[in-house]
Amino acid sequence: MSIFADNIRFLRGKKGLSQQSFADEILIISRDRYSKYENGRSEAPYEVLIKISKYFNVSIDLLLTVDIRKYPLEDVLKLPDNRIVLPVVVDKLGNNSIEIVPQKASMGYLSGYSDPEYIESLQRISLPFLTNGKHRAFPAKGDSMPPFKDGSFIIGKYIENMEELKPNKSYVFVTLNDGISYKRFKSRNEKSVTVTSDNSFYHPYDIPLREIVEIWQYASGIFPEDFEPDNFENYNLKDMFLELRSDIKKLDDKVSKF
């Protein structure tokens, strides 16, 4: 059974509608076709998703990725764009921890990113120079953003709104279609953001705003033991050293206080 199937069954029940009446009067499809969506035997096409989203006033993002039965429905509907508040894990002293999204289960993050139980289950680390804001570590894949490659982790700082995006800065974008991707932000319009890879082999592309569920600005990185620095000729060296110098300064400031 999918999260979507559970959600639409729950929402339909809240409205006191039968499968027949919801299919006939709201979606204008057959009951048999609708029952397959609710039983998880078939995926609803985009036009049906839009109708369901508009009728219940719940975003498609929420319908597909969050078990809304775990939250008071009235509170969910009041949230901007129906976004669940970011779950935060703290240590015994009340300090924010950095959750590590595992390499082998990175696709599971798309289903659990707003589930406090899932976030609580992730392994965690703490870095003394990353104290301001909420940080999370994501696995790197492929070769589109040197020097990060398979086995590396990108630590990102949570971005609450699009206004915080800065041209030519690197971000982890969590999207409905592509899952976790690490790209450099170029520009934004009313419907999408344009991103690019540091590897010139890849062309810039647009990410529709409606597909973006989370954005994390690059803060630091964790590299595998066999990291080879001569493999990142396409990487923007100036940006890398500026970011590294910023991290070192933060660490120095932290140490100087003691």
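## Overall architecture

Of the 258 residues in the protein chain, 47% are buried, where buried denotes under 20% relative accessible area, exposed over 50% and partly exposed in between (1.4 Å probe, protein chains only). This is a predicted model, in which local features need pLDDT of at least 70 and side-chain atom pairs count only at pLDDT 80 or more, while totals for chains, interfaces and linings use all residues. Residues are numbered from 1 along each chain as its sequence is written, and side-chain values use heavy atoms, with hydrogens and water left out.

The protein chain has nine helices and nine strands; these are DSSP runs numbered from the N terminus, with helices being H or I of at least four residues and strands E of at least two. Among contacts in the protein chain with a separation of 6 or more, 62% join residues 24 or more positions apart, a contact being heavy atoms within 4.5 Å.

Helix α1 (residues 3-15) packs against helix α3 (residues 31-38) at an angle of about 120 degrees, and their axes are 7 Å apart. Axes are lines fitted to C-alpha atoms, for helices over the stretch in contact, and angles run from 0 to 180 degrees between N-to-C directions. The two helices α1 and α3 are therefore oblique to each other; angles under 35 degrees count as roughly parallel, over 145 as roughly antiparallel, 65 to 115 as roughly perpendicular and the rest as oblique. On the α1 side, Phe4, Ala5, Ile8, Arg9 and Arg12 meet Tyr34, Tyr37 and Glu38 of α3. By class, this contact of α1 with α3 comprises five nonpolar, no polar and three charged residues (Ala, Val, Leu, Ile, Met, Phe, Trp, Tyr, Cys and Pro count as nonpolar, Asp, Glu, Lys and Arg as charged, and the others, Gly among them, as polar).

In α2, the buried residues are Gln19, Ser21, Phe22, Ala23 and Leu27, and they pack against α1, α3 and α4. Leucine 64, in helix α5, is partly exposed with a relative accessible area of 34%. Leaving aside neighbours within four places in sequence, leucine 64 is in contact with Ile3, Phe4 and Leu49. Leucine 64 and isoleucine 8 are 56 residues apart in sequence, and their C-alpha atoms are 9.8 Å apart in space.

## Aromatic pairs and a charge over a ring

The structure holds 14 aromatic pairs. Rings of Phe, Tyr and Trp (its six-membered ring) pair if their centres lie within 6.5 Å; planes under 30 degrees apart count as stacked, over 60 as edge-to-face and the rest as tilted. Phenylalanine 148 and phenylalanine 223 form a stacked pair, at 5.0 Å centre to centre with 15 degrees between the planes. This pair links distant parts of the chain, 75 residues apart: phenylalanine 148 lies in the loop between β3 (135-139) and β4 (153-158), and phenylalanine 223 in the loop between β9 (212-222) and α9 (237-256). Phenylalanine 148 is buried at 4% relative accessible area, whereas phenylalanine 223 is partly exposed at 33%.

One aromatic cluster is formed by Phe22, Tyr34, Tyr55 and Phe56. Lysine 15 lies over the face of tyrosine 55, at 5.2 Å from the ring centre; a charge sits over a ring if NZ of Lys or CZ of Arg is within 6 Å of the ring centre and within 35 degrees of the ring normal.

## Positive phi angles

Isoleucine 28 is not a glycine, yet has a positive phi of about 55 degrees. Isoleucine 28 lies in the loop between α2 (19-27) and α3 and, at 59% relative accessibility, counts as exposed. Asparagine 57 likewise has a positive phi, near 60 degrees, and lies in the loop between α4 (46-56) and α5 (60-65).
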